[in-house]
Amino acid sequence: MAVEKMSVAKALNESLRKALDTDPKVLIMGEDVGKLGGVFRITDGLQKDFGEERVIDTPLAESGIVGTAIGLALRGYRPVVEIQFDGFVFPAYDQIVTQLAKMHARALGKIKMPVVVRIPYGGGIGAVEHHSESPEAYFAHTAGLKVVSPSTPSDAYWMLQQAIQTDDPVIFFEPKRRYWDKGEVDTEAIPGPLHAARVAREGTDLTLAAYGPMVKVCLEAAAAAAEEGKSLEVVDLRSMSPIDFDTIQRSVEKTRRLVVVHEAPVFLGTGSEIAARITERCFYHLEAPVLRVGGYHAPYPPARLEEEYLPGLDRVLDAVDRSLAY
């Protein structure tokens, strides 16, 4: 068994390295992914080891990057595209939602689109405008795209490889403020399904459901609540499209309460769909309405105010108290 402690960033780098080494059809494309190794060094050393024809520095043209990846996929390649920051994805939005997402259906299933679009997302790093967005709901709403986000080094390592092996387009959201968090990665494990949620902490009084950067916050909230005698279960969703409603339902049938947490604005966020579905599925089990915790319905603020904007421990625990008060 090869268990190694590594950061999320290192796990992603090792995952890309293994994919390049295993399949000669895997290519990496993006701004500064080659010589620089990416602004977060996720692709560090890969161009040196695999060459400029497989790890490709592109112009600053997100629409062109994704459009080229679509063409490469048509020719049998498996492109892994890096969008340098979350807010830079919108010039490529047209290519993603009108071409990449629809090509398989347009061809009546005859064409596969094995493209991964990697997007560092979320706040918490003190960045300037357009560098701290959480646009996952835009893509989860688009049929034809799979949307996932790891929260641990182990999931970062395995989920990225699974995404690359998928014949459908995958939008792979990487929680950038967790890049430096460390954990154990078993590089010889047999991973579970890409879109299956996991119970990160068991509990009996209330379920916290989250993904990406908010899983750590929810685990901290559960630990804090335990000191007051409250037992919170934490479900790491891992996938925003499709969503593993069965795992959430099993948890809520046990705890009878649910709080959904994400960095993205609450208004029409992923939590809205989860709240609606779980209310339908668990109506006679729920002892309180499903509550949501997230960002405000406002543009992401300047860095000095982002801690006021981002959901933190206090806002999660406040929602827990409100739910338990019913």
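Author: The UniProt annotation "domain: Transketolase-like pyrimidine-binding", which comes from an unreviewed entry, covers residues 6-181. UniProt positions are given in the numbering used here, feature names are shortened, and annotations may be inferred rather than shown by experiment. Residues are numbered from 1 along each chain as its sequence is written, and side-chain values use heavy atoms, with hydrogens and water left out. This is a predicted model: local features need pLDDT of at least 70, side-chain atom pairs count only at pLDDT 80 or more, and totals for chains, interfaces and linings use all residues.

Over residues 6-181 the chain is 36% helix and 17% strand, and the end C-alpha atoms are 8 Å apart. Helices (H or I, at least four residues) and strands (E, at least two) are DSSP runs, numbered from the N terminus.

Let's zoom in on α3, residues 62-74. Its 13 residues should span 18 Å at 1.5 Å a residue, and the end C-alpha atoms are 19 Å apart, which agrees. (The expected span is 1.5 Å times one less than the number of residues.) Which residues of α3 are buried? They are E62, I65, V66, A69, I70, L72 and A73, where buried means under 20% relative accessible area, exposed over 50%, and partly exposed in between, with a 1.4 Å probe and protein chains only. Looking down the axis of α3, you'd find these buried residues within an arc of 165°, so they line one face of the helix. That arc is taken from the directions from the helix axis to the C-beta atoms. The buried residues of α3 pack against β2 (26-30), β4 (78-82), α4 (93-100) and α5; contact means heavy atoms within 4.5 Å. Just after α3, G76 takes a positive phi of about 100°.

Further along, L108 sits in the loop between α5 (103-106) and β5 (116-121). Most residues other than glycine have a negative phi. L108, though not a glycine, has a positive phi of about 55°, and at 71% relative accessibility L108 counts as exposed. Q161, in helix α7 (residues 153-165), counts as buried at 7% relative accessibility. Leaving aside residues up to four places away in sequence, Q161 touches S15 and K18.

Now for what lies beyond. Helix α8 (residues 214-226) also has 13 residues, and reaches 18 Å from its first C-alpha to its last, close to the 18 Å expected. Its buried residues are M214, V215, V217, C218, A221, A222 and A225. Seen down the axis of α8, they fall within an arc of 160°, so they line one face of the helix. Their cover includes β9 (198-201), β10 (206-210), β11 (232-236), β13 (258-265) and α12 (313-324).

In the loop between β11 and β12 is R238, not a glycine but with a positive phi of about 65°. R238 is buried, with a relative accessible area of 7%. Most peptide bonds are trans, but a cis one joins S241 and P242, with omega about 0°. P242 belongs to the loop between β12 (239-241) and α9 (245-255).

Last, the largest pocket: E133, S134, P135, Y138 and P265 lie nearest its centre, among 29 lining residues. α6 (136-140) and β13 each supply at least two residues of that lining. A pocket here is an open set of points on a 1 Å grid over the protein atoms alone, where a 1.4 Å probe fits, with protein on both sides within 12 Å along at least five of seven lines; lining residues have an atom within 4 Å of a point.

Terms used
Expected span 1.5 Å × (residues − 1).
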